[in-house]
Amino acid sequence: MNALFSEQLIFAISLTLTTSLIAASLVIICCIPMAYTLSRYEFPLKALFKIIIDLPMAFPEIVIGIALLMFLGSNGIGNYLDFLGIQLVFNSTGIIIAQFFVALPYAVRMLYSTFNYINPRYEFVSRSLGHSEVSTFLNITLPLSKNGLFATGVIALSRCIGTFASVLFVGGGILMKTDTLAVSMYLNLSTGDIDMAITAGILLVIISFITIAIMEKYAKENYIH
């Protein structure tokens, strides 16, 4: 119980929820146009784009973390960003970036399936009545996809909360600065603080259970017609 109310764990919970909510929101904003474009339009190299988007799901998180660190760090564009006074690694921004790239492929894939369930005839009828493509999307497609969109948000949030390896690399795993719950569990295990590590692990399980329970109750994209 003392570990639960310790300053370190409260910080880890706050950081995890804050960065995960921001990252999941960005994922949803980006995945909606990506998934809709892949579902409704044909364009050159579409199959290649789908493979590129899905590819990170086959990678271990550590690969994504190393790739992001190489690109954003001093070996990539880090020196140019430092010159502009921008630092994207070893801080909370790096955590959000890592969470974003881990969760995005899952969100795009899930929302792509949701859009595919929606009969394009509804959109065609709307367009034939004089509504613009944007108006049709906002008033027809999005409302029909609300359950799948909700499920996508839950999945994105849970992926962001549980992200470990990529957050450790890009965020740096700095105690009381970039230690999310998953990273805090690792750091406490490495220092022998078993109580703190177990408490962090239990909290991750509880949060995961809650998100999955919510998804099972409300996310019914398979019943979209």
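This briefing describes salt bridges in the structure above. The model is predicted: local features need pLDDT of at least 70, side-chain atom pairs count only at pLDDT 80 or more, and totals for chains, interfaces and linings use all residues. Residues are numbered from 1 along each chain as its sequence is written, and side-chain values use heavy atoms, with hydrogens and water left out. A salt bridge is defined as a side-chain nitrogen of Lys or Arg within 4 Å of a carboxyl oxygen of Asp or Glu; the count by this rule is 5.

**Lys46 and Glu42**

- Lys46 pairs with Glu42 in a salt bridge whose closest N and O atoms are 3.3 Å apart.
- Lys46 is buried at 11% relative accessibility, whereas Glu42 is exposed at 69% (buried means under 20% relative accessible area, exposed over 50%, partly exposed in between; 1.4 Å probe, protein chains only).

**Arg109 and Asp54**

- A salt bridge joins the side chains of Arg109 and Asp54, with an N to O distance of 2.4 Å.
- Arg109 belongs to helix 5 (residues 92–117) and Asp54 to helix 2 (residues 46–54), so the pair ties together parts 55 residues apart in sequence. Helices (H or I, at least four residues) are DSSP runs, numbered from the N terminus.
- Arg109 is partly exposed, at 30% relative accessibility.

**Glu61 and Arg159**

- The side chains of Glu61 and Arg159 form a salt bridge at 3.4 Å, N to O.
- This pair links distant parts of the chain, 98 residues apart: Glu61 is in helix 3 (residues 61–72) and Arg159 in helix 8 (residues 146–162).
- Glu61 is buried, with a relative accessible area of 18%, while Arg159 is partly exposed at 24%.

Definitions and conventions. Helices (H or I, at least four residues) and strands (E, at least two) are DSSP runs, numbered from the N terminus.
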